[in-house]
Structures are given as structure tokens and as C-alpha cells.
Amino acid sequence: PHVSKKQARRMDRYVQLGVAATLEAVEHAQLNITAENAENIAVIVSSGIGGIITLSEQISVLDSKGPSRISPFLVPMMLPDMASGQISMLLGAKGPNFATVSACSSGADSIGVALDLIRSGRTEIALAGGSEAAICPIGIAGFNSCKALSRRNAEPHKASRPFDADRDGFVMGEGGAVLVLETMESAINRGITP
């Protein structure tokens, strides 16, 4: 519901999840991006893997139909910084824009980088977080091959137990989470309660 069908077709699922999370965060924070504040709003939304679903689909196209049938959107859809880029274009945010890529901590690292940008005075407001969508055959096979996934398939309700001494791997999931970070002065000037 957040983007048109045409826009969604040009976004990998991880980008769609990042866009949805960002739009919800912006609405919740009552943030209105205008020509006056656009240069002061950073977007640091990351992904550890990026568009693996798109890449996987396009490898199948290459194998079955040849290189001339590859989507011209393959590269922009698979890059790990495209959530950040698409969000900036959609909202008109013109401050610093990039993604940290640090595996499972990419989204958390984005929040730390955004905080540093605010503390350094390079920006007043930052949209920061991460999104991931790697549930596809190659994503599951890759994590399974390196024995990172839980093997508790007979008891799925007991499979995800990251802090248990008997844990045996993680359970794949997907989603997006984005925060609106800003200086206290910015929040006061906007008349909102953090």
C-alpha cells in the first residue's frame, strides 16, 4: 500500500520492506520533509544481503532464456544500498544517504552511524535502520549449508531460541525496522514529543 505497483516491481522485497518501515516511522514521528529541511535529513537504511531474491530470479532467467532477457533493473534492485536510495528518492530527503553492510548487524550499525552524523552536526534528522528479505531457495540453501539454521523442524515453535544453551541455529525471517533520530532541538522546533 505504500508504493505503486510499478514502483514495487522495480524494488526487491527487502527494499519494499525498508520503504514500508520508513514510511511508518516518518508518519509516527510526524515528520514532514520539505524543500527547507530536505538537505538536513539523512537516510541510512541497510541490508546485510541486499536483493538476493532479485539476483536469484535473474540467474534463473539467464540460465533459461539467455543474457538478453536479464532485467535492466537487476543491478539497482540487488544493491545493498538501494533501500536507502529508494527511500531518499521517494521522500525527497537530500542529506547523507548510504548503507552500512556488516552482515547481521547492518541495521544496528546504521543507527550508530546515523547517531554519529547527528552528533557531528552533519545532519539534524536521520532515518536509520535496516531491512532484509533472504527467504528464497538460494538464501535458505546458503545458510543451511553453513549450518547456521536451526534443525528443530519437528518442533518449529521451539526452533528460535537464541539465548538458550541448547540452541542450534537461527530461523530465517524477513522484515524492516527504521527509526527517526533527531536532535532534541529539532524535536522541540517541530513541536513533537520524542
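Ala, Val, Leu, Ile, Met, Phe, Trp, Tyr, Cys and Pro count here as nonpolar, Asp, Glu, Lys and Arg as charged, and the others, Gly among them, as polar. With that in hand, here are some close-ups of this predicted model.

**View 1. A look into the largest pocket, about 400 Å³ in volume.** Sort its lining by class and you get nine nonpolar, eight polar and one charged residues. That makes a lining of 18 residues, and Gly48, Ala103, Cys104, Glu132 and Gly173 are the ones nearest the pocket's centre. Helix H6 and strand E2 (125-132) each put at least two residues into this lining.

**View 2. Ala103, one of the residues nearest the centre of the largest pocket.** Ala103 sits in the loop that runs between helix H5 (82-91) and helix H6 (106-119). Its phi is near 55°, a positive value in a residue that isn't glycine. Ala103 is also exposed, at a relative accessible area of 53%.

**View 3. Gln30, another residue with a positive phi that is not a glycine.** Here phi is about 55°. You'll find Gln30 in the loop between helix H2 (13-28) and strand E1 (41-46). Its relative accessible area is 57%, and because the cut-off for exposed is over 50%, Gln30 counts as exposed.

**View 4. The second largest pocket, holding about 300 Å³ of space.** Fourteen residues line this one, with Ala29, Val180, Ile192, Thr193 and Pro194 nearest its centre. H2, strand E3 (175-182) and helix H8 (184-190) each bring at least two residues to the lining. The top contributor is E3, with four residues. By class, the lining splits into nine nonpolar, four polar and one charged.

**View 5. Inside the largest nonpolar core, a set of 31 residues.** Val15, Leu31, Ile33, Ile41, Ile87, Leu127 and Val180 have the most contacts within this core. The elements giving two or more residues to the core are H2, E1, helix H3 (52-65), H5, E2 and E3. H2 has the largest share, with seven residues. As a rule, nonpolar side chains in soluble globular proteins tend to be buried together.

**View 6. Leu31 and the residues around it.** Leaving aside residues up to four places away in sequence, Leu31 touches Val26, Ile41, Ile125, Leu127, Val180 and Arg190.

Note on methods: Residues are numbered from 1 along each chain as its sequence is written. This is a predicted model: local features need pLDDT of at least 70, side-chain atom pairs count only at pLDDT 80 or more; totals for chains, interfaces and linings use all residues. Side-chain values use heavy atoms; hydrogens and water are left out. Buried means under 20% relative accessible area, exposed over 50%, partly exposed in between (1.4 Å probe, protein chains only). On a 1 Å grid over the protein atoms alone, a cavity is a set of points where a 1.4 Å probe fits but cannot get out, and a pocket is an open set with protein on both sides within 12 Å along at least five of seven lines; lining residues have an atom within 4 Å of a point. Grid points are joined across faces, edges and corners, and a volume is the space filled by probe spheres set on the points. A nonpolar core is a set of buried Ala, Val, Leu, Ile, Met, Phe, Trp, Tyr and Cys residues joined through side-chain atoms within 4.5 Å. Contact means heavy atoms within 4.5 Å.
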